[in-house]
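Here is a short tour of the structure shown below. Have the sequence and the 3D view open side by side, and let us walk through it together.

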Amino acid sequence: MLDDIAEEPLYVGSNLVNREETDHLLIVTDDWDGQLWISQDEPPLVKKAIVTYKNLPNSPQYRVLFSNWNFKPSFPPDTFTFTPAKDNFRVQILPPSSQP
């Protein structure tokens, strides 16, 4: 995704995001523009991001605010254990064909 950056990322300046001082960066590609707001505190964390898909009709945007980062989450060990429903069944996946 970052292989198609058209220009070097640009430092826009210092801005507030949720009353926190951040560094605002702009990334420009042929297909999309990205903006990141990164906290000036340690560790630097992404606080806000906007991606604009400039080649799609009406240039849709994806906007997100990040908060309450938790690098030591606590959850039960079975949180990520897959338990299939009783009527589920295994589907055999065929290997890819060697013919075009």
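Predicted model: local features only at pLDDT ≥ 70, side-chain atom pairs only at ≥ 80, totals over all residues.

Phe75 has a relative accessibility of 45% and so counts as partly exposed.

How are the rings of Phe75 and Phe80 arranged? The two form an aromatic pair of the edge-to-face kind, with 5.3 Å from centre to centre and 90 degrees between the planes. Describing a pair of aromatic rings takes both the distance of the centres and the angle of the planes.

## Other aromatic rings

The structure holds three aromatic pairs. If you look at Phe66, Trp69 and Phe71, you will find a cluster that is linked by ring pairs.

## Strands and overall shape

Which elements make up the protein? There are five strands and zero helices, giving the order β-β-β-β-β when read from the N terminus. The protein is more spread out than a compact globule, because its radius of gyration of 21 Å is well over the 13 Å that the globule rule gives for 100 residues.

The C-alpha trace spans about 55 × 45 × 25 Å along the principal axes of the protein. Among contacts with a separation of 6 or more, 17% are between residues 24 or more positions apart.

Is Glu21 buried, partly exposed or exposed? With a relative accessible area of 34%, Glu21 is partly exposed, because this value falls between the cut-offs of 20% for buried and 50% for exposed.

Leaving aside residues up to four places away in sequence, Glu21 touches Ser14, Asn15, Leu16, Ser39 and Gln40. For Gln35, 14 residues from Glu21 along the chain, the C-alpha atoms of the two are separated by 15 Å.

## Surface and charge

How much of the protein is buried? Buried residues make up 18% of its 100 residues. The protein exposes about 8,700 Å², and 56% of that area is supplied by carbon and sulfur atoms.

Finally, a look at the charges. The protein has 8 positive and 14 negative charges, and the mean positions of the two sets are 12 Å apart.

Note on methods:
Residues numbered from 1 in each chain as written. Heavy atoms only, no water. Helix = DSSP H or I, 4+ residues; strand = E, 2+ residues; numbered from the N terminus. Rg over C-alpha atoms; globule rule 2.2 N^0.38 Å. Buried < 20%, exposed > 50% of the residue type's maximum accessible area, 1.4 Å probe, protein only. Contact = heavy atoms within 4.5 Å. Areas by Shrake-Rupley, 256 points an atom, 1.4 Å probe, with all protein chains shown as cover. Lys, Arg positive; Asp, Glu negative; His and termini not counted. Charge placed at Lys NZ, Arg CZ, Asp CG, Glu CD. Phe/Tyr/Trp six-rings, centres within 6.5 Å; stacked < 30°, edge-to-face > 60°.
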